[in-house]
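Please open the structure in the viewer and follow the stops below in order. Each stop gives a selection and then what is found there.

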Amino acid sequence: MAAIAALDDDVRSALHEFARGADGPVTREAAAEAVGISRKLAAFHLDKLVAAGLLTARIEAVGAPRVGRAPKVYEPADADIAVCVPPREPQLLAAILIDAVVGERPDETADHAVLRVARERGVAVGADERAASRPGRLGAERALALATTLLRQHGYEPARAADTVRLRNCPFHPMASAAPELVCGLNQAFLAGVMEGLQAGASVEAVLAPRQGACCVELRAR
């Protein structure tokens, strides 16, 4: 949010665009000239962009040899910055689909490869959480509570309702509406894998329960 807010200024936005369009690191002098402001003002705004994580800075000689100390130079940070409300996870969806295409086995269809990879990815997520939290043996109550915390981090917006966790947000929307059978099946396999990785698959199941405006899967105590 701070990074996006830093660009809500015409001067900073212009400086950021100049740095991104340059062939290499830019100096304060070059940036000031490109945007039409003083070197001192350029330095102030460039350092604000560094603080926001949008640019990086270092001391480095650029261009022709010069007398005195090497200048401070700036270039775009190697980071992807985005804000999405409600949360989405297109990277997870893309990673599952790519792994399925690359790793499809001779004895399975493309759809089966997607479901297998989605479940494997979910198992890894659940196992990492179990290793970090060390919850011990999980009955349905504790498993649902742990899953609620974990799935909130992945944008599902979970809500407990008795022996069920309903997921109010689909992190894979709008792709789920474009190919519901594929994406909802993948989502169910992923969440079943999460419960398996948590070692809670015997007490909690991920079931398809499509609801308008919400995730197509919910978790239920067995």
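Select Pro-86 in this predicted model; Pro-86 sits in the loop that connects strand S3 (72-76) with helix H5 (90-103). The bond to inspect runs from Val-85 to Pro-86: this peptide bond is cis, and its omega is near 0°.

Proceed to Pro-174, in the loop between S5 and helix H8 (175-178). Here His-173 and Pro-174 are joined by a cis peptide bond with omega of about 10°. Most peptide bonds are trans, and most residues other than glycine have a negative phi.

The next two selections concern phi. Arg-134 lies in the loop between helix H6 (110-133) and helix H7 (140-153). Although Arg-134 is not a glycine, its phi is positive, about 45°. Arg-134 counts as exposed because its relative accessibility of 72% is over 50%. Glu-157, in the loop between H7 and S4, also has a positive phi, near 50°. Glu-157 is partly exposed, at 32% relative accessible area.

Now select residues 158-161 and 164-167, which are strands S4 and S5; they pair in the antiparallel sense over four bridges. Two residues separate the strands of this hairpin, and Ala-162 takes a positive phi near 60°. Ala-161 stands opposite Thr-164 in S5.

Keep Thr-164 selected. Is Thr-164 buried or exposed? Thr-164 is buried, because its relative accessible area of 15% is under 20%. Its contacts include Leu-144, Ala-159 and Glu-218.

Notes: Residues numbered from 1 in each chain as written. Predicted model: local features only at pLDDT ≥ 70, side-chain atom pairs only at ≥ 80, totals over all residues. Heavy atoms only, no water. Pairing = 2+ DSSP bridges. Buried < 20%, exposed > 50% of the residue type's maximum accessible area, 1.4 Å probe, protein only. Contact = heavy atoms within 4.5 Å. Lists of a residue's contacts leave out its neighbours within four places in sequence.
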